[in-house]
Amino acid sequence: MGIIVKNLYKLFDDKKVLDDVSFSVQDGKTLGVVGFSGSGKSTLLKIISGLLYSDGGVIETTENTDIAMTFQYSALFDFLDVYHNIAFPLLERKEYRKKYNTKELKQIVKEKLALVGLEGIEDKFPSELSGGMQKRVGFARAIVTNPKTILYDEPTAGLDPVSSTLIEDYIVRLKNELNAACIVVTHQMSTITRACDDVILLYEGKIVYRGKTEEFLKADNPYTKQFISASLEGPMEIKSAI
Amino acid sequence: MFNFKETLTYSTINLLFDGMKDFLITLGNVGKDLTKTFYYVLRLRINLRATIEQSARFAVDSLPITLTIVGMTSAIISMQISPELAKQGAEGYIGMLSALVMVRELGCIMSGFAIISMIGSSFASELASMAVGEQISAMRVLKVDPIEYLVVPRFLAGVIMMPFVFIVSSFIGIVCAGVISHFTANLSTLNYINSLWQGLYIRDIMIALLKAAFFGGTISIISCSCGYSTRGGAKEVGIATTKAVVWSFLAIAVWDYIFAAIFYL
């Protein structure tokens with residue numbers, strides 16, 4: 001089923017942050033959400049993940065599965081080591097607490113770490129890891145309950161180009177391994193071209209473009225042209241967006 | 001042309017209105033978090049390991065500063081009153097007075113102040129840093145309620161450990177007062193201990209223990225709530241910590257008054 005978003009609205013005070021946003025992402029597909037700062041991208045992810053309430057609209061996902069989310073700056077629990085960070089939902093959630101013994105938990109954590117290309121770092125604390133490694137540990141924590149929807153908030157922000165490429169590869173890998181519906185909020189064109197199947201462009205809370213990634217790059221659309229060329233000239237007023 | 005919005009009156013009203021709004025929002029947040037905390041406590045959804053960890057932090061880590069503050073305060077008071085009482089021929093009341101002041105008031109309130117500055121501020125800044133670093137959001141996305149995981153253990157640590165802190169600090173306070181009165185009023189240890197019992201009543205001790213538990217819970221919930229509801233960045237972490245300390249001071253002063261009015265009026 002994936003994820004279906006219908007007629008989503010969100011107001012902050014009297015300002016429409018999301019205005020009639022609708023889209024769907026099928027299992028095994030990744031949707032890239034792009035737009036200038038303040039266009040409503042992160043708000044969209046927060047509503048889908050349940051961190052914010054919407055002021056209207058419907059979100060449908062595959063039943064009885066988790067929605068996972070990775071954060072711009074990883075948001076790892078700095079008082080827990082990598083093992084406890086990844087095992088956190090399995091240790092703390094009622095439905096998992098008695099499901100696995102310590103040996104099984106260790107095995108699950110090991111498997112998830114291997115999925116993101118990290119091994120043998122269970123005893124390390126987040127402060128001992130590089131930015132890219134923290135992101136990957138964040139990925140491992142997000143997928144530990146085998147979610148069918150994964151949301152990535154600026155997954156490559158603050159990373160060097162090589163680390164960004166690595167992260168993009170893992171986004172594709174996790175999608176394939178879990179057959180999950182993924183939504184990636186990003187500013188980076190490389191993330192869109194390497195990791196996303198479809199793209200939507202948001203401007204002032206509205207979808208102004210939607211299409212396949214390859215079409216997005218060569219679309220004859222004034223909004224996409226302005227976004228791709230990073231131009232100040234065009235239908236999108238930068239002043240109102242930032 | 002006269003513009004009311006540019007007047008000092010308007011600015012003052014606006015400032016008062018903002019202050020009142022902030023007060024009500026904080027009060028609402030504390031009330032909401034306290035209700036959720038009770039919800040988990042009454043359903044015995046308690047993380048025992050975290051509660052023990054926080055209890056150790058609450059009592060053991062804060063003990064040196066608490067004992068220093070209570071000990072020094074009681075020594076200073078004894079230094080002031082012992083020679084005067086001795087001059088009036090009332091040496092026999094020094095122990096009684098020390099016990100009375102320590103058990104009814106100083107032990108509890110001074111421990112509370114020490115705990116606020118040492119533990120309350122650290123609860124608030126810790127949770128505020130987690131909030132601005134999106135760790136609390138991450139916890140919610142992982143479907144673990146931060147109130148259950150972070151606030152409940154800290155609240156219980158406050159309620160359970162504060163009475164112990166009170167007992168130890170009051171004992172140290174009474175001992176310090178005794179030592180000082182020995183040197184400043186030539187009061188023998190035996191006389192001091194004998195007069196001590198005249199000021200110690202089980203009822204006072206029970207009331208003080210109850211008051212300490214209220215103080216501990218209040219400090220914990222206010223500090224956690226101020227930290228938990230922080231939005232923004234480093235500046236807001238600082239503001240939240242200051243707010244937690246100020247509100248905790250005010251709250252325990254109000255509790256102290258309420259306890260005095262109910263039990264001693």
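The following legends describe close-up views of a predicted model. Local features are given only at pLDDT of at least 70 and side-chain atom pairs only at pLDDT 80 or more, whereas totals for chains, interfaces and linings use all residues. Residues are numbered from 1 along each chain as its sequence is written, and chains are lettered from A in the order in which they are written.

**View 1**

**View 2. The pairing of β5(A) with β6(A).** Strand β6 (residues 149-153) of chain A and β5(A) run in the parallel sense, joined over 4 bridges; pairing requires at least two DSSP bridges. A:Met69 is placed opposite A:Leu151 of β6(A).

**View 3. Helices α5(A) and α6(A).** The axes of α5 (residues 131-142) and α6 (residues 161-178) of chain A come within 10 Å and cross at roughly 10 degrees. The two helices are therefore roughly parallel (an angle under 35 degrees). Residues in contact, with C-beta atoms placed from the backbone within 7 Å, include A:Phe139 in α5(A) and A:Leu166 in α6(A).

**View 4. The contact between chains A and B.** Chain B contributes 11 residues and chain A 12 residues. Helix α5 (residues 135-141) of chain B supplies the largest share of the chain B side, 5 residues.

Notes:
Contact = placed C-beta atoms within 7 Å. Axes fitted to C-alpha atoms, helices over the stretch in contact; angles between N-to-C directions. Parallel < 35°, antiparallel > 145°, perpendicular 65-115°, else oblique.
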